[in-house]
Amino acid sequence: SWARTRRGSHKPLGFLSDNLSMTTLDEAGPVRHQLDLQSLSSYLRSHLKPFEGALTARQFSHGQSNPTYLLDCGAAFQCVLRKQPHGKLLSTAHAVDREHCIMRALKPTAVPVPEMLCYCADAGVIGTPFFVMEFIHGRVFKDATLEQLPPIERFGVYHAMCDVLARLHRVDWRSLAGLEQFAPDGAAEGGAYAARQVRRWKRQVEGGRAVLAEAGVAESGDLAALAGWLEEHTAEAEAYAAAHFSPTIVHGDFKLDNLIFHPTEPRVLALIDWELATIGCPLADLAHCCQAYRWPREHWFVPGLRGASLLRLGIPHESQFVRGYLERVAQPPLPELVWTFYCALAYFRMAAIV
């Protein structure tokens with residue numbers, strides 16, 4: 001099967017990035033959300049380590065929900081700062097404390113994450129809480145077709161993505177300090193993850209109706225129909241998931257462009273952007289990752305793989321990707337309704353957010 005072929009056969013290919021695959025340095029540009037560099041410099045010198053020279057900052061184009069910056073600490077070292085945005089925030093949104101806690105806990109595991117350097121809850125330093133982490137130099141791919149890579153490396157990239165997802169879901173999260181707090185009531189026992197998600201995103205849709213009406217935008221009837229279908233099939237899908245999958249860490253936004261790859265090899269150096277992470281059903285992450293197979297190639301919001309010749313590209317089909325994941329986590333093929341349900345839930349969530 002796809003999951004068990006070509007292992008260990010990847011060779012460094014020395015590829016040069018373009019605008020659809022950028023190095024993490026390429027992604028750092030002008031600052032759009034200003035930082036108090038003087039205050040931050042004093043904090044870093046006392047809480048991280050001393051350095052000579054000026055502190056300078058560039059802002060990443062990636063990670064717009066929580067502004068993210070590349071810091072040059074004189075000539076001594078580089079690091080990354082991620083902070084909450086300014087303004088009134090929803091209580092569960094922009095959770096930089098959650099990101100910091102989960103990545104710090106995962107560092108000793110097989111899941112590749114940056115090293116956490118410090119966390120600051122004091123909004124007096126730069127206006128909001130923030131954390132600082134290791135800077136990972138590598139590639140970020142924004143184009144799901146990976147057109148700029150040769151087929152063998154495209155295969156390797158998807159192989160590596162599948163492997164990291166399975167590694168994440170095999171982590172014994174109960175053995176990691178601090179992660180119990182992210183398990184909603186009943187989640188640690190495998191209860192009602194999908195039902196909670198359907199309720200949450202349905203409330204989000206309902207809460208946005210006034211805004212849409214004020215803007216003169218009509219809500220699609222398909223959205224209400226999808227919510228009804230999900231509610232109708234939640235119990236069956238959840239029963240299967242609870243019987244076959246233990247609760248795991250759910251990344252919440254697992255996709256290609258939240259992975260940093262080695263500069264020349266199809267190997268993942270870091271999984272980033274953890275603000276939606278929780279404890280729940282791993283099929284939610286798998287379905288979210290596989291949305292790319294259903295988005296049209298030229299879609300303005302999320303360019304995907306639909307309509308692309310996957311065989312020519314050397315990219316596994318969705319069924320191969322899913323089978324590879326299930327083999328890695330030692331689970332049998334999914335019933336069609338269960339897979340359809342979690343894919344539909346992923347789309348419903350996307351519609352509610354957008």
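Select Arg267 and Glu265: the two form a salt bridge, with their closest N and O atoms 3.2 Å apart. A salt bridge here is a side-chain nitrogen of Lys or Arg within 4 Å of a carboxyl oxygen of Asp or Glu. Arg267 is partly exposed, with a relative accessible area of 40%, and Glu265 is partly exposed at 24%. The term buried means under 20% relative accessible area, exposed over 50%, and partly exposed in between (1.4 Å probe, protein chains only).

The model on screen is predicted: local features need pLDDT of at least 70, side-chain atom pairs count only at pLDDT 80 or more, and totals for chains, interfaces and linings use all residues. Residues are numbered from 1 along each chain as its sequence is written, and side-chain values use heavy atoms, with hydrogens and water left out.

**Further salt bridges**

The count of salt bridges comes to 14. Select Asp72 and Arg58, whose side chains meet in one of them (2.9 Å, N to O). Asp72 lies in strand 4 and Arg58 in strand 3, so this pair ties together parts that are 14 residues apart in sequence. Asp72 is buried, at 16% relative accessible area, whereas Arg58 is partly exposed at 28%. Helices (H or I, at least four residues) and strands (E, at least two) are DSSP runs, numbered from the N terminus.

Move to Arg328 and Asp163, another salt bridge, in which the closest N and O atoms are 3.2 Å apart. Arg328 belongs to helix 8 (residues 318–328) and Asp163 to helix 3 (residues 151–170), so the pair ties together parts that are 165 residues apart in sequence. Both Arg328 and Asp163 are buried.

**The sheet and its helices**

Now colour the open sheet of six strands, which has the order 2-3-4-5-7-6 and antiparallel pairing. Strand 2 (28–29) and strand 6 (116–120) stand at the edges with a single partner strand each, so one side of each is left without a neighbour in the sheet. Two strands pair if DSSP finds at least two bridges between them. Select residues 68–73 and 77–83: these are strand 4 and strand 5, which run antiparallel and are joined by six bridges. Leu70 has Val80 in strand 5 as its bridge partner.

**Aromatic rings**

The structure holds eight aromatic pairs. In Phe341 and Tyr342 the ring centres are 5.2 Å apart and the planes stand at 80 degrees, so the pair is edge-to-face. Rings of Phe, Tyr and Trp (its six-membered ring) pair if their centres lie within 6.5 Å; planes under 30 degrees apart count as stacked, over 60 as edge-to-face and the rest as tilted. Phe341 is buried at 0% relative accessibility, and Tyr342 is buried at 2%. Finally, select Tyr158, Tyr293 and Phe321, which ring pairs link into a cluster.
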